[in-house]
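Grab a pencil and let's work through a few exercises together. Try each task yourself before you read the solution.

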Amino acid sequence: MRSGEGSTTAAEEEQVKVAAPFRLAELGLRVCAVPLAAASVWEMATNKQVDETYGEVRFSDLSGFRYLVWINAITAAYSVASILLSSCKFITRFDWLIFLLDQASAYLLLTSASAAAEVVYLAREGDREVSWGEVCSYFGRFCGAATVSMALNAAALLCFMALSLISAFRVFTKFHPPSQSNSKQQLPQEQGKPVLSG
């Protein structure tokens, strides 16, 4: 066996040893993200309240809440798919794709949290500059359910933030730093070059 092949095999074995605990953590985070995102969807999608004076309000009346429902549904579906595919060995060839999808999911969850938080803030506090009064005193149950959905969304976001770090680690550990012997060989060559003066 050649020495180069032996060093490559040893490096691959070392990579597997380092990656093993991260695989378990990654799987656990993906499993946690599914019920969190699904519960956020359920809590928001079933959210409605009727007031005798002001009528009925539904989550679908507010674009920020609709956006939160769609994004959580997408990330829950992606989490399920990634869990099912993680048992297949060929998926390791697509680590870059998993990394990009984890990043995209985290950013989408962040934007949906921001959109929903703005709606909840206005519902609770109002905006005196544009003469918007608060409505949570009339639709308290609706506001409470929306807040719970946002909290579940935030928990799913934390899972995907951690997943983004783990998938980034897995991708970038495949690249080896330049060896010291190469850098030492290049240094004398660069020092031996004549300096051209202007």
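This is a predicted model: local features need pLDDT of at least 70, side-chain atom pairs count only at pLDDT 80 or more; totals for chains, interfaces and linings use all residues.

Residues are numbered from 1 along each chain as its sequence is written, and side-chain values use heavy atoms, leaving out hydrogens and water.

**Exercise 1.** Find out which residue E26 meets in a salt bridge at 2.6 Å.

*Solution.* Start with the rule: a salt bridge is a side-chain nitrogen of Lys or Arg within 4 Å of a carboxyl oxygen of Asp or Glu. The partner at 2.6 Å, N to O, is R170. Now place the two: R170 sits in helix 4 (residues 140-172) and E26 in helix 1, so the pair ties together parts 144 residues apart in sequence. (Helices here are DSSP runs of H or I with at least four residues, strands are E runs with at least two, both numbered from the N terminus.)

**Exercise 2.** Which residues are linked with E26 in a network of salt bridges?

*Solution.* Begin with R23, whose closest N and O atoms to E26 are 3.9 Å apart. R23 and E26 are both in helix 1 (residues 3-45), three residues apart, about one turn of the helix. The whole network links R23, E26, R30, D102 and R170.

**Exercise 3.** Say what the side chain of Q49 reaches at 2.9 Å.

*Solution.* First locate Q49: strand 1 (residues 48-51). Its side chain reaches the backbone nitrogen of F142.

Note on methods:
A polar contact is a pair of N or O atoms within 3.5 Å; within protein, one must be able to donate a hydrogen and the other to accept it, and residues adjacent in sequence count only if both atoms are side-chain atoms.
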